[in-house]
Amino acid sequence: MALPAPALELERLLDAIRAVEQWDGRDGAAGELGPYQIRAATWRQHMGGLPFALAREERWGRECARRHMTWLRRHLAAAGIEPNPFNLTLSYNAGLETVLRGRAPERAYRHARRVENLCAP
């Protein structure tokens, strides 16, 4: 059974984020874990009481990233911002509030451009 277009787009976006992150098994400088560089607060928000260490595992990290992207999509749309791959990745990387305030750092814009380029058909 084929995935509907929005779900397929989300999976492609998650694949691109994983590729750009180039996770080598080490934790991120700010304590991010796993191939999707999940932060502890994001994990708690979407994964309840599951141990944060599970973010290092592909299955669990991807599920958290999927839930977070779905949450970001809703909040960006509610703020009148197109929830396209660029804006979703920018918010995923820099934080939703930072993006809503127009304060995302240049490194987050570069990251979002790299992911967007990988998502392009």
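Trainee: Does Phe 86 count as buried or exposed, and at what relative accessibility?

Mentor: Buried means under 20% relative accessible area, exposed means over 50%, and partly exposed is in between, with a 1.4 Å probe and protein chains only. Phe 86 has 15% relative accessibility, so it counts as buried. Before we go on: this is a predicted model, where local features need pLDDT of at least 70, side-chain atom pairs count only at pLDDT 80 or more, and totals for chains, interfaces and linings use all residues. Residues are numbered from 1 along each chain as its sequence is written, and side-chain values use heavy atoms, leaving out hydrogens and water.

Trainee: Which aromatic pair does Phe 86 form?

Mentor: Rings of Phe, Tyr and Trp (its six-membered ring) pair if their centres lie within 6.5 Å; planes under 30 degrees apart are stacked, over 60 edge-to-face, and the rest tilted. A search of the whole structure finds 2 aromatic pairs. In one of them, Trp 43 and Phe 52 are tilted, 6.2 Å centre to centre with 55° between the planes. Trp 43 is buried at 1% relative accessible area, whereas Phe 52 is partly exposed at 23%. Phe 86 pairs with Tyr 109, also tilted, at 6.1 Å centre to centre and 40° between the planes. Phe 86 lies in helix α4 and Tyr 109 in helix α6, so this pair ties together parts 23 residues apart in sequence. Tyr 109 is partly exposed, with a relative accessible area of 26%.

Trainee: What about helix α3: how many residues does it have, and how far does it reach?

Mentor: Helices are DSSP runs (H or I, at least four residues), as strands are (E, at least two), numbered from the N terminus. The expected span of a helix is 1.5 Å times one less than its number of residues. Helix α3, residues 58–78, has 21 residues and reaches 30 Å from its first C-alpha to its last, close to the 30 Å expected. Its buried residues are Gly 61, Arg 62, Cys 64, Ala 65, His 68, Met 69, Leu 72 and Leu 76. Seen down the axis of α3, they fall within an arc of 155°, taken from the directions from the helix axis to the C-beta atoms, so they line one face of the helix. On the other side of α3, Arg 59, Arg 74 and Ala 78 are exposed. After α3 comes Gly 80, with a positive phi near 80°.

Trainee: Which residues have the most contacts inside the largest nonpolar core?

Mentor: A nonpolar core is a set of buried Ala, Val, Leu, Ile, Met, Phe, Trp, Tyr and Cys residues joined through side-chain atoms within 4.5 Å. The largest has 23 residues, and Ile 38, Met 69 and Tyr 92 have the most contacts inside it. α1, α2, α3, α4 and α6 each supply at least two residues of this core, and α1 gives the most, with 6. Apart from it lies another core, of 7 residues, including Phe 86 and Val 99.

Trainee: How far is the sulfur of Cys 64 from the closest cysteine sulfur?

Mentor: A disulfide is a covalent bond between the sulfur atoms of two cysteines. Here the rule is a pair of cysteine sulfur atoms within 2.5 Å, and the count comes to 0 disulfides. The sulfur of Cys 64 is 18 Å from the closest one, in Cys 119, too far for a bond. Cys 64 is buried at 0% relative accessibility, and Cys 119 is buried at 9%.
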